[in-house]
2 protein chains.
Amino acid sequence: MRNVCVVGTGLIGGSLMRAAKAAGRTVYGTAASDGTAAAAVADGFDVTTDLDAALRRAAADDALVVLAVPLPAVEGVLARVDDVAPTVRLTDAVSVKVAVADAVATYAPHARYVGGHPMAGTAESGWAAGDGALFRGAAWVVVADDGADPEVFRDVAELAWECGSRVVPAASDEHDLAVAKISHLPHLLAAVLAAVGAGEPGRDDSDLPLALSASSFADGTRVAGTRPELVLAMCEGNRSALLAAVDEALGRLGVMRGALASTGGLAATVNAGYAARQRWASTREPLGLEVSLDGPDWLAELRELGRRGDVVSGWKA
Amino acid sequence: MRNVCVVGTGLIGGSLMRAAKAAGRTVYGTAASDGTAAAAVADGFDVTTDLDAALRRAAADDALVVLAVPLPAVEGVLARVDDVAPTVRLTDAVSVKVAVADAVATYAPHARYVGGHPMAGTAESGWAAGDGALFRGAAWVVVADDGADPEVFRDVAELAWECGSRVVPAASDEHDLAVAKISHLPHLLAAVLAAVGAGEPGRDDSDLPLALSASSFADGTRVAGTRPELVLAMCEGNRSALLAAVDEALGRLGVMRGALASTGGLAATVNAGYAARQRWASTREPLGLEVSLDGPDWLAELRELGRRGDVVSGWKA
């Protein structure tokens, strides 16, 4: 089993270290502060604040390096990678994929990088919040962009399986658009709905709407209660894809507004939404498929598998 | 106890007949079809298909007539009211209030009308789905527009209490805007979110977004699964207020889109949504207040009570 070097020991990195250690891996990592490193060491983990030393060790034992830092910290780490471990096996756990791939191409162009996104989390953060079971049952996107290194793709997928996740292959840009549509846009629509319904103190003085609100408003605004810094980090980091998703929503809302104002008819909007929700409700269980990591089209085939809603469950002999 | 004449014996009217009878009232009503009338009679209720006869009886015994028909059927019933019981005590259970008030002013201008909206319902419909407990714990809006007859206001409120509801006084237009914001807009945003996320067959061929979707998408699209004919009836009937609510949402989304495209910053949107959801979450229990139905400002005071989120619980001696 390949060693794992985790850069960043917050909720995601800390959970990953626990899960990989429980699976029998040799795991070590780096923390940004002495306090966090000491807490991890006290819990029996091999964590230092010396990033260069950890990266050199990863280069020496051909470990898989996992970037588990927030997006704004990625460039700085990549510069160190390029300096001390330029061709290391590299993945990440950041929630957007095009921005990280671009940063790798710029700052650590020789790294053997295959992006990843374990789609798990809680409202907590920090080493102490880590949980080796965090990734169980979650989708773990493994990026299948052209040029991906099949060995590192295998490394990332096997780490994801050990953490109990489903491996969903996807192109970076398709991943970013998908999460914009099903995670980031819902947060923004919830925020707008909450503001329209509850009003703002000093601007809307009537509590009548809230007094009459029921489950449609409660459900539609639930994620507006998420801590704003978490929402901003994930949405603002996915700006380009989110803009496309917002524009699609605005386009549909504009057509609806026009119909409401002209004929008063909302059937097109309501029927399309109903059909879409039925499509969601009838989503089948993903098929777990064994795939090949060679051949002329292996990456295109993986992307197609992900688009069908299926997952990678093993390797063809 | 004043007799009650219920016009329309579907889910709402049928539930109201059961609740009022259980409270000890003399209740009678009219159904649109022989089959429904027969079903109600078989259940022990005094229901006929002869609308004129029922309205004449209501005029003779000074009963409260409750219109519990869909909005498109209101005008026809009002024309009969004007013909055979022009000054009857009249309320309704339609989910929009300005449109009904306008229809009463046009078609039954001498009726002693005070609008109502019991905010309860299920996905079911028809006499058999009726339930005397349907209104328990629900808000029952009683319209406090200028000119309202205090005796009929009292009649409607007392009927609402007997059904187990909270009496929320409101102006017709404020009611319509409130329900547009907290009920109709949530349905339309859910429909748009579902269509963006799930795509449409033939237009969006990737199931990747649905495969990656989690609770934010599930919650944000839940009411998109409501039967389209129900959503269309309530939204299209509230066209004018809904247009205002949609335009407020579009205005907020447009500002957000501009910020995302220019600076990339979403803090204004996300913080306003968070504050609004907190405001919703900290909504206090309504105060139940005894009110007076006379004096120069009794209607304005009732409307203000509703805007504060409180309810009418009785009459001042």
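1. In this predicted model, 82 residues of chain B are in contact with 83 residues of chain A; contact denotes C-beta atoms, placed from the backbone, within 7 Å. Helix 7 of chain B gives the most to the side that touches chain A, with 20 residues. That side of chain B comprises 50 nonpolar, 17 polar and 15 charged residues (nonpolar: Ala, Val, Leu, Ile, Met, Phe, Trp, Tyr, Cys and Pro; charged: Asp, Glu, Lys and Arg; polar: the others, Gly among them).

2. Chain A contains 13 helices and eleven strands, defined as DSSP runs numbered from the N terminus (helices H or I, at least four residues; strands E, at least two). Of its 317 residues, 53% count as buried, that is, with 20 or more other C-beta atoms within 10 Å of their own.

3. The C-alpha trace of chain A spans about 70 × 50 × 35 Å along its principal axes.

4. Helix 3 (residues 51-60) and helix 4 (residues 71-84) of chain A pack at an angle of about 50°, with their axes 10 Å apart; axes are lines fitted to C-alpha atoms over the stretch in contact, and angles run from 0 to 180 degrees between N-to-C directions. The contact is made by L51(A), D52(A), L55(A) and R56(A) of helix 3 and V77(A), R80(A), V81(A) and V84(A) of helix 4. By class, this contact has five nonpolar, no polar and three charged residues.

5. Residues are numbered from 1 along each chain as its sequence is written, and chains are lettered from A and ligands numbered from 1 in the order in which they are written. Local features need pLDDT of at least 70 and side-chain atom pairs count only at pLDDT 80 or more, whereas totals for chains, interfaces and linings use all residues.

Methods. Two residues are in contact if their C-beta atoms, placed from the backbone, lie within 7 Å. A residue is buried if 20 or more other C-beta atoms lie within 10 Å of its own, exposed if 12 or fewer, and partly exposed in between; C-beta atoms are placed from the backbone.
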